[in-house]
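Hi,

Here is the structure I promised to hand over.

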Amino acid sequence: MNAGLVEQDVDLQPRNTLRLPGSARWYARIAEPDALPQLLQWADAQELAVQVLGGGSNVVLCSPINGLVLAIAIHERHWQVLDDDQVILTLGAGENWDAVVRYAAATGYRGLENLALIPGTVGAAPIQNIGAYGRDLSDVFESLDAWDRRQGCFRTLESEECEFGYRDSLFKRHPERFIIVRVRLRLSRSATFRLDYGELAQEVADYRDPDQELTPETVAAMVSRIRLAKLPDPAVLPNAGSFFKNPVVDHATGESLREQFPGLVAYPDSGGFKLAAGWLIDQCGWKGHREAHVGVHSKQALVLIHHGNGSGAELLALSERIRSDVRTRFGVDLEIEPRLIGTQGD
Ligand code: EPU
C-alpha cells in the first residue's frame, strides 16, 4: 500500500460546495486509474466503506465519514475524429465540467453548450445524468470506463448499459459499485441546437445580431447568463444546485392539479406530467426563507442555501419541512436530488 497516497482526518468542508462541516477518516487523491485496484484492496481489507467525491457540488455532507473518501483527480482530454462531422471526446473523470464545455464549444463542436456552468466534474456528470435547458448528458454520451467493485476489474459501459433517466442512472442507483475514471462524449459540427427551452428561447430571440449564425460558444454564453442571473454562485452562497428533483405525476393527477391550481407549471412527460418543484415550493411561501444558518434562495426556490455555521442535519430538517408543506398542499412527494453522504456510519 502506497502510504503516501492515503491521508487521515481530512477536512471536507472546503471540498463540498454547500460548505457543510465534516471530515474523512481516510482520504486519497487518485490521479491515475491504475492507483485504484491496490487502494480498494486495502480499503476492503480494513473493511472501510468507500465514497467517491468529485467536485463536491451535488452532495449533502451529514456527519463525519469513517470510511475512505476518494477524490478523483484524473485529468485527460483526447479527441478521436470519426468523420468530417463527428468526434469522440475522451475525458478524465477529474476534469472540470464547465471548463470542458467551454473547450469543446470553442472548437465549434456542438452538443455541450446547453450544459454550460454546471458545477462539478466530468466523472460526476453521468451519475445524475446532468441536464439543463432541454438537454441531458445522455444526449451526447458515448461510453465510460469504470472500476467495477463487484467484478474487480475495469469495464467499459456503453450508453444503453448506463440506464440513464431524468437525473438518474445505474451509478446513482448503485453508488457503491462503480468508480468512473473516464467518459466519452460524441460531438458533432452539424447537430441541431436545442433552443426552445423557455428562457433560452427568449435569449435567442433577443440576440443582438440575428444575421450572424449562432455558434456553440454564443449559446454557451447565453446559458451562462441565464444561470448567473438566477442560480447562486456556490463561492458566494454555498449550495448544491437544485435540492429536489422535479416530480413526475400521472396524467389524471396532473390534470386534477391543473384544475385546482391554474398557475401550475407542468410539462408532458412519460405519459404524465413533470411538475416544476420550484413553483410548488414557491407557492408554499418558502422562496427567500432564511433561518440562522440555512435557507431557500430568493430567486429560485429549488435551491437551498447554507449561510454558514450550519450542518447537514439542519439543511435536511429544513428540506423535510418544505417536503411536508408541498405534500400537504399539493399531495406531491418531492425527492431530494443531491447524494446524502456520511449518514450510515461510513
Ligand atoms: N419557478 C417558480 N418559482 C421558483 C422557481 C421556479 O415559479 O422559485 C417556475 C419558473 O418560473 C419556471 C419553472 O418553475 O416556470 C421551472 O423553473 P426553471 O426553468 O428555473 O427550471 P427548474 O425546473 O426549476 C431545472 C433543473 C435545473 C436546470 C433548469 C434549466 C431540475 C431538478 N433542475 O430547474 O438544474 O438548470 O431546469 O434547465 O431538473 C440542477 O440540477 O442543479 C439544476 C440547477
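How many residues surround the ligand, and which are the closest? The shell has 22 residues, and the closest are Y133, Y166, R167, K230 and Q300.

First, the ground rules. This is a predicted model, where local features need pLDDT of at least 70, side-chain atom pairs count only at pLDDT 80 or more, and totals for chains, interfaces and linings use all residues. Residues are numbered from 1 along each chain as its sequence is written, and side-chain values use heavy atoms, with hydrogens and water left out.

**Ligand site**

- Y133: a backbone N or O atom lies 2.6 Å from a ligand oxygen.
- K230: a side-chain N or O atom is 2.7 Å from a ligand oxygen.
- R227: a polar side-chain atom lies 3.3 Å from a ligand oxygen.

On its own the ligand has 810 Å² of accessible area, and the protein covers 83% of it (Shrake-Rupley, 1.4 Å probe).

Helix 5 (216–230), strand 13 (239–242) and helix 7 (277–283) each supply at least two shell residues. Helix 7 gives the most, with 3. Helices (H or I, at least four residues) and strands (E, at least two) are DSSP runs, numbered from the N terminus. Domain 2 (77–188) and domain 3 (239–342) each give the shell at least three residues; the bounds come from an automatic or database domain assignment.

By class, the shell has 11 nonpolar, 5 polar and 6 charged residues. Asp, Glu, Lys and Arg count as charged; Ala, Val, Leu, Ile, Met, Phe, Trp, Tyr, Cys and Pro as nonpolar; the others, Gly among them, as polar.

**Second largest pocket**

Its volume is about 850 Å³. Of its 46 lining residues, V52, V59, I127, P175 and R339 are the closest to the centre. A pocket here is an open set of points on a 1 Å grid where a 1.4 Å probe fits, with protein on both sides within 12 Å along at least five of seven lines; lining residues have an atom within 4 Å of a point. Volume is the space filled by probe spheres set on the points.

Strand 3 gives the most to the lining, with 4 residues. The lining divides into 22 nonpolar, 14 polar and 10 charged.

Best wishes

Key
Near = heavy atom within 4 Å. Polar contact = N/O pair within 3.5 Å; in protein donor to acceptor, adjacent residues only side chain to side chain.
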